[in-house]
Amino acid sequence: MANSMLINVTSLAMICLILGIPIANAVQTCDEIKTSLASCLGYLTGSEPSVPVMCCNGVQTVDDQAKSLPERKDACECIKSTLASIPGVDPNAVQDLPNKCSVKPSFPIGADADCSHINLIW
């Protein structure tokens, strides 16, 4: 019986790994957020005229992963500090990004975002 249970659990874990389904909801790190949004850099600095599909996918992923209030604040702070460290980022492009991607983020996005006033229904 225990051997059968172990086989079932192992099989489920392998299926999740193969299909890319997370076994547990892990909190995204700032490095993961940066990686998700890296394809937006060209648009945000003006070297690309339109928003790449990969960028919009990243914006949606980051927003989807930031479910709790602390996760939203962390994502906001990560994006804020990252944008502030990149020369040539157009603040208007940053503000337009969610609309261009048809995403209504659950936290403010921008180099001057106030991440301390995020609530659960931002």
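Predicted model: local features only at pLDDT ≥ 70, side-chain atom pairs only at ≥ 80, totals over all residues.

Which cysteine forms a disulfide with cysteine 101, and how far apart are their sulfur atoms? I found cysteine 56 as the partner, with the two sulfur atoms 2.2 Å apart. For a disulfide I go by a pair of cysteine sulfur atoms within 2.5 Å.

Residues are numbered from 1 along each chain as its sequence is written, and side-chain values use heavy atoms, with hydrogens and water left out.

**Entry: the whole count**

I searched the whole structure and got four disulfides. I then numbered the bonded cysteines in sequence order and wrote down the pairing as 1-6, 2-3, 4-7, 5-8.

**Entry: cysteine 56 and cysteine 101**

Cysteine 56 sits in helix α4 and cysteine 101 in the segment after α6 (91-100), so the pair ties together parts 45 residues apart in sequence. My helices are DSSP runs of H or I with at least four residues, numbered from the N terminus. Next I checked accessibility, calling a residue buried under 20% relative accessible area, exposed over 50% and partly exposed in between (1.4 Å probe, protein chains only). Cysteine 56 counts as buried because its relative accessibility is 15%. Cysteine 101 is buried too, at 12%.

**Entry: cysteine 30 and cysteine 78**

Here the sulfur atoms of the disulfide are 2.0 Å apart. I noted a right-handed link, with 85 degrees about the S-S bond. Cysteine 30 belongs to helix α2 (residues 30-37) and cysteine 78 to helix α5 (residues 69-85), so this pair ties together parts that are 48 residues apart in sequence. Is cysteine 30 buried or partly exposed? I put it down as partly exposed, because its relative accessibility is 30%. Cysteine 78, at 4%, counts as buried.

**Entry: cysteine 40 and cysteine 55**

I read 1.9 Å from S to S for the disulfide joining cysteine 40 to cysteine 55. This link is right-handed, with 100 degrees about the S-S bond. The pair links distant parts of the chain, 15 residues apart: cysteine 40 is in the loop between α2 and α3 (41-44), and cysteine 55 is in helix α4 (residues 53-65). I marked both cysteine 40 and cysteine 55 as buried.

Note on methods:
Helix = DSSP H or I, 4+ residues; strand = E, 2+ residues; numbered from the N terminus.
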